[in-house]
Amino acid sequence: MDLITLTQKLIQQPSITPAKDDDAGRIAGKTSALNGCFDLLEGELTKLGFTCQRVVFDEPGFPSIPNLYASLGSGPPHLNFLGHVDVVPPGDVAAWTQPPFGGMIENGKIYGRGTSDMKGNIAAYVVALRDFLSAKKFPGTLSLLIVGDEESYAVNGAPKMVQWLKAQNIGFDYCLVGEPSNPTALGQEIKNGRRGTMNAKLTVLGTQGHIAYPERFDNPVTRLGKFIAACSGVDLDAGNEYFAPSRLEVNIIDLPNRVTNVVPNKVVAGFNVRWNSEWTRETLSARLNALCDQHLGQGNYTLEMDFSGGVFLTPASHFLSTIQDSVAAVVGRRPAATTHGGTSDGRFVAAICPQIVECGVTSETIHQVDECVAVADLENLQKIYVEILRRLAA
Ligand SMILES: [Zn+2]
């Protein structure tokens with residue numbers, strides 16, 4: 001199957017990331033679309049000699065999810081291609097100019113949910129591997145880790161697959177992530193790291209009372225206001241050579257009080273911290289507790305922190321420069337290595353791989369109506385992946 005046909009066939013599988021509260025019928029439909037994608041990939045990879053394993057994970061309260069691990073060869077170096085075949089929902093289908101699961105081509109672009117995030121990139125992996133392997137053998141291990149749960153919870157995908165690989169003593173030397181890494185054109189950027197993300201639930205405690213008797217109540221809302229004024233939208237460090245400053249943003253306030261003359265006894269707030277390599281989970285937790293002590297007062301709050309992803313960084317290395325050189329060789333422009341933006345499954349793979357770089361198409365239309373990718377970009381991406389394989393095999 002050629003690059004464009006494989007992309008179209010993947011798009012035609014509506015593998016929308018299953019929602020927690022969807023009914024069983026819809027979840028089953030989505031699971032079968034994920035399996036449809038894996039059938040297509042396995043069909044192609046098996047022909048190239050890859051051993052394919054479909055691994056299903058369950059978790060109470062979440063839809064069970066199939067994932068794919070395919071490998072060829074043995075020993076180091078181990079180059080892994082990481083990706084996800086789940087997609088976000090199409091949104092307002094009537095607003096699309098092309099069917100979201102059609103894979104139609106118009107004016108040199110393929111339209112559909114997942115074209116750039118990231119089924120087109122995965123098709124480019126497979127076709128690049130075929131091109132490379134038709135001429136040469138890779139002196140080590142090649143593998144693909146393609147998961148079905150990245151877009152929302154990331155529970156039954158990469159985190160569990162990484163544990164599954166770890167249990168078999170499988171680690172990667174290099175991980176290439178085909179997430180859309182460029183703002184508007186190939187050659188602009190690759191990502192050599194990502195900030196960590198942490199979601200916190202902050203419960204500020206007080207004493208309930210009649211609003212006319214300030215000596216008898218202790219207003220948690222006033223205290224939360226002081227915390228927000230001092231800490232929200234504030235940088236926690238100055239950043240470093242690789243990363244922008246870490247930043248705390250309060251984005252949820254839950255105060256269901258509707259009674260005008262009562263001061264409530266608590267208010268719940270949520271905040272997120274995007275954090276960089278200046279911190280570990282431990283030092284960041286300690287800093288956030290200290291900020292709460294300072295602005296809310298010890299004992300006047302509870303703080304629950306959910307570190308859903310750690311920070312990862314691939315400093316200057318042979319792998320990083322090989323990717324930059326490969327992009328430059330194909331599109332004539334050497335991409336900058338950056339770390340801004342959201343997180344990716346690379347954060348989980350960091351536990352079994354020291355060098356992770358994201359290199360894919362553009363992110364202009366991801367998660368939007370009329371998501372699309374230029375056919376020429378996809379063809380160039382395939383050439384870039386072949387170039388990376390050739391240079392790492394040399
Ligand atoms: Zn993605």
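Modeller: Valine 234 has leucine 248 of β13 as its bridge partner. The model is a predicted one, in which local features need pLDDT of at least 70, side-chain atom pairs count only at pLDDT 80 or more, and totals for chains, interfaces and linings use all residues. Residues are numbered from 1 along each chain as its sequence is written. Helices (H or I, at least four residues) and strands (E, at least two) are DSSP runs, numbered from the N terminus. Strands β12 and β13 (residues 247-254) pair in the antiparallel sense over two bridges; pairing requires that DSSP find at least two bridges between two strands.

The open sheet has five strands in the order β12-β13-β15-β10-β16, with antiparallel pairing. At its edges lie β12 (234-235) and β16 (301-309), each of which pairs on one side only.

Two helices pack on this sheet. Helix α5 (residues 220-231) touches β10 (196-205), β12, β13 and β15 (266-275), and its direction makes about 15° with that of β15. Helix α6 (residues 281-296) touches β10, β15 and β16, its direction making about 155° with that of β16. Contact here means that the C-beta atoms of two residues, placed from the backbone, lie within 7 Å. Axes are lines fitted to C-alpha atoms, for helices over the stretch in contact, and angles run from 0 to 180 degrees between N-to-C directions.

Seven residues from domain 1 and nine residues from domain 2 take part in the contact.
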